[in-house]
Amino acid sequence: MKLVRDTWLVFTRQMTLVLRNPVWLIVGLMQPVYFLLLFGPLLKNALRMSAEDAYRFFVPGLLVQLAMFGTLFVGFGLIAELRAGVIERMRVTPVSRLSLLLGRSLRDMVTLLVQAILLTVLALPFGLTVRIGDLLLALALLALIALMLSAISYALALKLRSEDALAPLMNAVSMPVLLLSGILLPLSGWLRSVGDWNPFTYAVDASRALFAGDPGNSSVWKALVITTALAVAAATWAARSFARSVR
Amino acid sequence: MTLTQQESAPNAGQPDGRIVVHELTKVFHGNIRAVDHLSFNVEPGSITGFLGPNGAGKTTTLRMLATLLSPDGGEATVAGVDLRRSPGEVRRRIGYVAQGGCTWDEVSAREELVYQARLYGVDKTEARTRAEQAVKAFQLDTFADRLCKTYSGGQRRRVDVALGVIHQPSVVFLDEPTTGLDPQSRVHMWDEVRRLRDEGMTVFITTHYLEEADALCDRIAIMDNGLLVAEGTSAELKREIAGDVVTVGLNGAIEKAVELLSDEPYVAKVEALDDSVRLYVDAGATAIPHILRTLDGAGVTLGSIELHRPSLDDVFLAKTGRSLRESAEGV
């Protein structure tokens, strides 16, 4: 299969580059670690929960946040590659256009999963517990989010071709999505009604259900269905952008 | 069938390197005709140069022929394949080296070469062999295993071209292959380009350097404002301008000089430049005393006087009314 072979080729090259500078993998973890250490302790009092319950509430949301912010900005790397002429060089070869996207998104999914596992391990001393099967399901959900957001990021990068345009746009979109997903605090009132339209609310609810040991919760299958559908749509859009003007 | 193919192919195993372009057109933003009904043929195994100022439409033409831009009109056959119908097959048969380079800073040239070969579908062992061959052929040995960010401009450009031909295409497009290079690297690059031609490749370059078109290209197509204004070998193009060219350097009084000299019977044509006047005359050696006398008699002070055979710049000037040197400097 040409698609699989080409995707693997692009993925291994991208992964080689990540491993050449693995420090960025750690730097990407800094933001959620700060939240874990500097924001987590406040929750115990704010939510009037036991420390264990607070972290079991907070860490699953934090993982979704990591998936969002870890992958939403991957378009910057693509802009650098566009500027260096690397992408154009590949577009003149017979390599599959879809592979150019999937290989990169696959790298983003793998790096995210490594980061998510590290973050989960770091949270264990705070009293977090999770069954391995539930954790795997949660990681699958995170990987789907990574696929969706990296695809969106790449498609926008191909459209805008400028970091100066991409950064404010990403912030403008990601902040309300983050706040309306109930990651930091539970949503209530009218915010809850708006949040019901936010696909990430389902992801956060599902992640929490899984860490609470409740994989049968309806939010789990809903989140998986919604995220899969959006990931497929985003990947299709991005693959078209890659192929645009080159049939 | 196989027999006839082998007979007609200049090199065994390489498909036809011919390029046939008919009425090719690209319109940007609805009304800017970057390339306007362009038609030309390129013979296989030759170096063809597109000469013209920046913005003439050279790069746009190249990008269309390399499948990176879809034409708005016309058609083209590249390496024996219809460009619009089978761009995928065109990609297998061509190489393209963009103006701005194409290497990634954080990998070595050898890694890039192996990866590029693999993008064309060959396995890892074969890709390594091809990379090694390219390193030898383009003399990259001394730096091939260092990261690309450490390379000089000339080294980088050689790697770019090596990447563009790693799959041994029958046609390779080089967009301004020597722009920004020092004279020594430029000559080195010319040698590489000639070697590719001698190996049977059709090489298609764009340039705004007159010397490069003159020294390197078997055939030259002069482009201006999206149109092909002249086409032929360097000698053919120059032959279109009969006689000699005399350039008279002046300190002001250009208009007066033009007026005076236009009336002289031995002058075929006068062109005014920024600080000089260019005269097309039948015989330069006998015309110069007359020119001196005419200008001196009218009180016009001469800065310099120069006699030369027509250059490609004279051809460009005759065809477009502008000097290519001035157009290039103006950008």
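## Model and numbering

The structure is a predicted model, in which local features need pLDDT of at least 70, side-chain atom pairs count only at pLDDT 80 or more, and totals for chains, interfaces and linings use all residues. Residues are numbered from 1 along each chain as its sequence is written, while chains are lettered from A and ligands numbered from 1 in the order in which they are written.

## Contact between chains A and B

Chain B puts 22 residues into the contact and chain A puts in 18 residues; two residues are in contact if their C-beta atoms, placed from the backbone, lie within 7 Å. On the side of chain B that touches chain A, the elements giving two or more residues are α3 (87-93) and α4 (109-119) of chain B. Of these, α3(B) gives the most, with four residues. Helices (H or I, at least four residues) and strands (E, at least two) are DSSP runs, numbered from the N terminus.

By class, this side of chain B has 12 nonpolar, six polar and four charged residues. Ala, Val, Leu, Ile, Met, Phe, Trp, Tyr, Cys and Pro count as nonpolar, Asp, Glu, Lys and Arg as charged, and the others, Gly among them, as polar.

## Sheet of chain B

Four strands of chain B form an open antiparallel sheet in the order β2-β1-β4-β5; two strands pair if DSSP finds at least two bridges between them. Each of β2 (32-42) and β5 (81-82) of chain B is at an edge with a single partner strand, so one side of each has no neighbour in the sheet.

Strand β1 (residues 19-28) of chain B is joined to β2(B) by seven bridges, and the two run antiparallel. The bridge partner of B:K26 in β2(B) is B:V35.

Helix α2(B) lies across β1, β2 and β4 (73-78) of chain B, at about 115° to β1(B). Axes are lines fitted to C-alpha atoms, for helices over the stretch in contact, and angles run from 0 to 180 degrees between N-to-C directions. Eight of the eight residues of α2 (residues 58-65) of chain B are buried, so this helix is largely enclosed by the rest of the structure. A residue is buried if 20 or more other C-beta atoms, placed from the backbone, lie within 10 Å of its own, exposed if 12 or fewer, and partly exposed in between.

B:T67 is in the loop between α2 and β4 of chain B. Its phi is positive, about 70°, although B:T67 is not a glycine. B:T67 is buried, with 23 other C-beta atoms within 10 Å. B:Q139, in the loop between α5 (124-137) and α6 (153-164) of chain B, also has a positive phi, near 55°. B:Q139 counts as partly exposed, with 15 C-beta neighbours inside 10 Å.
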